[in-house]
Amino acid sequence: MIVLVLNCGSSSVKFQLIRTSLEDIEAGTEEKLGRGIIGKIGMTTATVAFEAEGRPPVRETPVILEHRVAIERVLSLLTDPDVGVIKDRSEIGAVGHRVVHGGEKFAQSQLITEEVLREIVECIELAPLHNPHNVRGYEIARELLPDVPHVAVFDTAFHQTVPEHAYLYGLPMVLYRRHGIRRYGFHGSSHRYLTARMERLLGRPRTEFNLITCHLGNGCSVTAVQHGRSIDTSMGFTPLEGLVMGTRSGDLDPAVILHVMAKEELTLHEANTLLNKHSGLIGVSGISNDMRELIKEAQRGDQHAQTAIDLFCYRLKKYISAYYGVLGGADAVVFAGGIGENAAVVRERSCDGLESLGMIMDPKRNEELNGREGRISTDDSPVGIYVVLTDEEMVIARDTARAIAGNL
Amino acid sequence: MTRELGVVGAGTTGQGIVQTAAHAGIDVIFCEKSEESVNEALEAITVALDREIERWGMTKTDKTVILSRIRGTTAPEELKGAPLVIEAVSDNLTLKSKVFSALDSVLPPETILVTNTSSLSITQLAAVTNRPDRVVGMHFLSPVPKRPLVEVVRGLHTSDETVRLAKEFATEIKKTAIEVFEYPGFVTTRLILPLLNEAMHVVMEGVASASDVDTAMTLGYNFPSGPLEVADRMGLDEVLLWMEHLFHELGDLKYRPCPLLRKMVRAGELGVKTGKGFFVYDEAGRRVKSHP
């Protein structure tokens, strides 16, 4: 079956076309037919990028003012005789939608029904920046592809196995009951992919190992995976908690923000933007939110860039160590995401000093392994350290196939 | 959903409306009297956005997106693609009537004409057009991007549909609309002015110092700032004009401007904009705390 994977953001639509089935998942014979992204929706120069296997890539900047036009463009690209990969949209057998927040309702992906849609809408209060666009994307796709099943895959679902003592905050219980204030965790599809992939790399079923999975991209999170289940994760009620990220602060003393709001006379909106858009790597370095650029600047001797990298790696090391304890020992640490897959120096620094926990990096392997999958610890390291190229779209496509087969 | 908005007059309030609508994702075309004024307004909006970035309220990308949605012109007929055109020239009946009459002749008959006024009569302005049912007031408060309220004002002939569209537009730009019927001062101006005026009387009569009056209201009633600082920020000359307008329209003694207000305006102490009113302010408009 061919699955269209859709990820609708506030001003972008990312998409992939993947051929998969229960047999393909088992045999590892899934096939990516095409992928693309439409960005800057709502502006007169939106950006369209599309690449299909064996076809010339497409780059254009048309006027795309709303998501409907964007998703129509996705379908016309996929079926285009020159650049597309399918003859007709009827070849699309199902659509898998990324939905950021599934609250406590969804511990698994769901075939979208009226009931499921209503519950996703109820979660909007928890993710006001993301869920409305995910819902809008679904509504449009349903109109354009009315005869195929649509499946929702939630970023939060994988973390629904986190136990109460790890998801509750030390706050009055009434806030949890009244407003759902608790840790939800995000990047679930990525952490799940890494878990599934490690089954192959370790050659053992997931029930027989523990992992610390580090998804380090624009947003960053670490998850403690025990026997295949998430038992703690660094992102919390929102994706702001945990690691230092490109533009997000991660953990801080909550009193800091109250103090700064009073001192700088900030509104709620300003405080929110300060923490989510002006902090993290860009806030500390004052240079960039891009780790590649910071590494370059630090090599040239820029102290601010170096400080930002130091903070990033130190916070990550703290989480890796903590989760090692939480898990009662780990079989592997996994690095993924743009930074995790490409920044050898970050991997080295965040495992530096963890030899006592059995994490022994092979510097040469680490240095050489960039943008590829493999082991970067020494052969006799008790805890394996790995780089894995994460693939959230593949998880969405697989779940879509499984949900339709009733086999989640 | 509104895709395009026209704005006529890009002074402080006009700029605020342009910026707010563009931030909400609407393409805005604004009209000023000369190329020079157009450029000044664009420059001022850029500065306002930079200040937002400095205060961590937005990112550079947000600024680029917002500016890309804004276009200035000197030709009012270029606004004819917008379903809604807001006039935001100075609050002066003669000037506003002239603008309305000009807009009425160049814009399509279905365009809704909005006037941003804090006290003038919508009915009187509508009378100079051929579409009194499609004329409505929207009173934005200053600074527009920071005040989440707008008063949607019905004139005598304003249709229900026009009021509905004006409220819908307010929601789109993330303002809460309250509906008011035309009457001098509407709700906000009519309620705040007598309070400011009374605070001035308290000072004039020697009951308490300006600073203590403001402290009383901020701490005693949880006002975000005291009435005398509010008056200083509005401009004491503006406060005097509005008081005189209310007094003239309604004739009630409770709207008689406080003599101290008159005296300060005559002395050129107009508040934040001159650096001195009831309190002293620095160039950035921050209140300078006095040292006892």
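Biologist: Which loop does His187(A) lie in?

Modeller: His187(A) is in the loop between helix H6 (173–179) and helix H7 (188–202) of chain A. Helices (H or I, at least four residues) and strands (E, at least two) are DSSP runs, numbered from the N terminus. Before we go on: this is a predicted model, where local features need pLDDT of at least 70 and side-chain atom pairs count only at pLDDT 80 or more, while totals for chains, interfaces and linings use all residues. Residues are numbered from 1 along each chain as its sequence is written, chains are lettered from A and ligands numbered from 1 in the order in which they are written, and side-chain values use heavy atoms, with hydrogens and water left out.

Biologist: OK. Is His187(A) buried or exposed?

Modeller: His187(A) counts as buried, because its relative accessibility is 11%. Buried means under 20% relative accessible area, exposed over 50%, and partly exposed in between (1.4 Å probe, protein chains only).

Biologist: How much accessible area does Trp56(B) have?

Modeller: The relative accessible area of Trp56(B) is 25%, so Trp56(B) is partly exposed.

Biologist: While we're on chain B, which peptide bond is cis?

Modeller: The one from Ser142(B) to Pro143(B) is cis, with omega near -15°. Pro143(B) lies in the loop between strand S6 (135–140) and strand S7 (149–154) of chain B. For context, most peptide bonds are trans.

Biologist: Zooming out, how many helices and strands does chain B have?

Modeller: Chain B comes to 11 helices and 8 strands. Its radius of gyration is 20 Å, close to the 19 Å that the globule rule gives for 292 residues, so chain B is as compact as a globular protein of that length. That radius is taken over C-alpha atoms, and the globule rule is 2.2 Å times the number of residues to the power 0.38.

Biologist: How is chain B divided into domains?

Modeller: Chain B has domain 1 (4–181) and domain 2 (189–282). Their C-alpha centres lie 28 Å apart. Domain bounds come from an automatic or database domain assignment.

Biologist: And chain A, how is that divided?

Modeller: Chain A splits into domain 1 (2–154) and domain 2 (204–387), with the C-alpha centres of the two lying 29 Å apart. The secondary structure of chain A comes to 16 helices and 14 strands.

Biologist: Give me a buried one. Where is Val334(A) found?

Modeller: Val334(A) is in strand S12 (residues 332–336) of chain A. Val334(A) is buried, with a relative accessible area of 0%.

Biologist: What is Val334(A) in contact with?

Modeller: Leaving aside neighbours within four places in sequence, the contacts of Val334(A) include Leu194(A), Met198(A), Cys214(A), Tyr386(A) and Val388(A). Contact means heavy atoms within 4.5 Å.

Biologist: Next up, where is Thr20(A)?

Modeller: Thr20(A) is in the loop between strand S2 (13–19) and helix H1 (22–27) of chain A. Thr20(A) is buried, at a relative accessible area of 0%. Beyond its neighbours within four places in sequence, Thr20(A) has contacts including Met1(A), Val3(A), Ala397(A) and Ala401(A).

Biologist: Last one: which helix holds Asn276(A)?

Modeller: Helix H9 (residues 268–277) of chain A holds Asn276(A). With a relative accessible area of 21%, Asn276(A) is partly exposed. Neighbours within four places in sequence aside, Asn276(A) is in contact with Leu240(A), Thr247(A) and Arg248(A).
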